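Please keep the structure open on your screens while I talk.

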Amino acid sequence: QVQLEESGGGLVQAGGSLRLSCVASGRTSSRYVMGWFRQAPGKEREFVAAISWGGGNTAYGDSVKGRFTISRDSTKNTVYLQMNSLNPEDTAVYYCAADANLQRPTVPGEYDYWGQGTQVTVSS
């Protein structure tokens, strides 16, 4: 079992930045792929970014490419999401996810472990 806890959400004006963190605890010895997803009210959960165990491979959703950066510090069991140039369409609950046997990192159903989410609100 792995427990994930997100932090760093909040209210920010359009054009601003936020950095989300996700700390993993429990069975963290496995080589987990870590992902970020988001869900706005009335919408499906959307892939934001993912990073491989070693951090050498990353993937981004089309709507965040060039603005968001995912990174990880394996010594701290923490993954980060740096979000720049935020706009109101980025408003959502952001979730951290992990899985050790991932085939499709952009698909929410592929992940076994999820955090509770952190709210990000971008005002215009």
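Which residue in the turn of the hairpin that S5 and S6 form has a positive phi? Gly 55 does, with a phi of about 85°, and the hairpin has 6 residues between the two strands.

Before going further, a word on what we are looking at: this is a predicted model, in which local features need pLDDT of at least 70 and side-chain atom pairs count only at pLDDT 80 or more, while totals for chains, interfaces and linings use all residues. Residues are numbered from 1 along each chain as its sequence is written, and side-chain values use heavy atoms, with hydrogens and water left out.

When I say strand, I mean a DSSP run of E with at least two residues, numbered from the N terminus, and when I say that two strands pair, I mean that DSSP finds at least two bridges between them. For accessibility, buried means under 20% relative accessible area, exposed means over 50%, and partly exposed is what lies in between, with a 1.4 Å probe and protein chains only.

Let me stay with strand S5, residues 46-51, which is mostly covered, since 5 of its 6 residues are buried. On one side, S5 is joined by 3 bridges to strand S6, residues 58-60, and the two run antiparallel, with Ala 49 standing opposite Tyr 60. S5 also pairs with strand S4, residues 33-39, in the antiparallel sense over 5 bridges, and there Trp 36 stands opposite Ala 49. The hairpin of S4 and S5 has 6 residues between the strands, and in it Gly 42 takes a positive phi near 80°.

S1 runs antiparallel to S3 and is joined to it by 6 bridges, and the bridge partner of Val 2 in S3 is Gly 26.

Ser 21 also lies in strand S3. Is Ser 21 buried or exposed? Ser 21 has a relative accessible area of 14%, and so it counts as buried. Taking contact to mean heavy atoms within 4.5 Å, and not counting residues up to four places away in sequence, Ser 21 touches several residues, including Glu 5, Trp 36 and Tyr 80.

The structure holds 1 disulfide, a term that here stands for a pair of cysteine sulfur atoms within 2.5 Å. Cys 22 and Cys 96 form it, with their sulfur atoms 2.0 Å apart. The pair links distant parts of the chain, with Cys 22 in strand S3 (residues 18-26) and Cys 96 in strand S9 (residues 92-99), 74 residues apart. The link is left-handed, with -80° about the S-S bond, and both cysteines are buried.

Now to the cavity, which is a set of points, on a 1 Å grid over the protein atoms alone, where a 1.4 Å probe fits but cannot get out, its lining residues having an atom within 4 Å of a point. Grid points are joined across faces, edges and corners, and a volume is the space filled by probe spheres set on the points. A search of the whole structure finds 1 cavity of 30 Å³ or more, and about 100 Å³ of space lies in the largest cavity. Its lining has 13 residues, and Ala 24, Met 34, Trp 53, Arg 72 and Asn 77 lie nearest the centre.

One of these, Asn 77, is found in the loop between strand S7 (68-73) and S8, and its phi is near 50°, a positive value in a residue other than glycine. Ser 85, in the loop between S8 and S9, likewise has a positive phi near 50°, and at 44% relative accessibility Ser 85 counts as partly exposed.

Finally, Gly 15 lies in the loop between strand S2 (10-13) and S3 and is exposed, with a relative accessible area of 56%. Gly 15 touches Ser 85 and Leu 86, again not counting residues up to four places away in sequence. Gly 15 and Ser 124 are 109 residues apart in sequence, yet 8.9 Å apart in space, C-alpha to C-alpha.

How values were computed. Helices (H or I, at least four residues) and strands (E, at least two) are DSSP runs, numbered from the N terminus. On a 1 Å grid over the protein atoms alone, a cavity is a set of points where a 1.4 Å probe fits but cannot get out, and a pocket is an open set with protein on both sides within 12 Å along at least five of seven lines; lining residues have an atom within 4 Å of a point.
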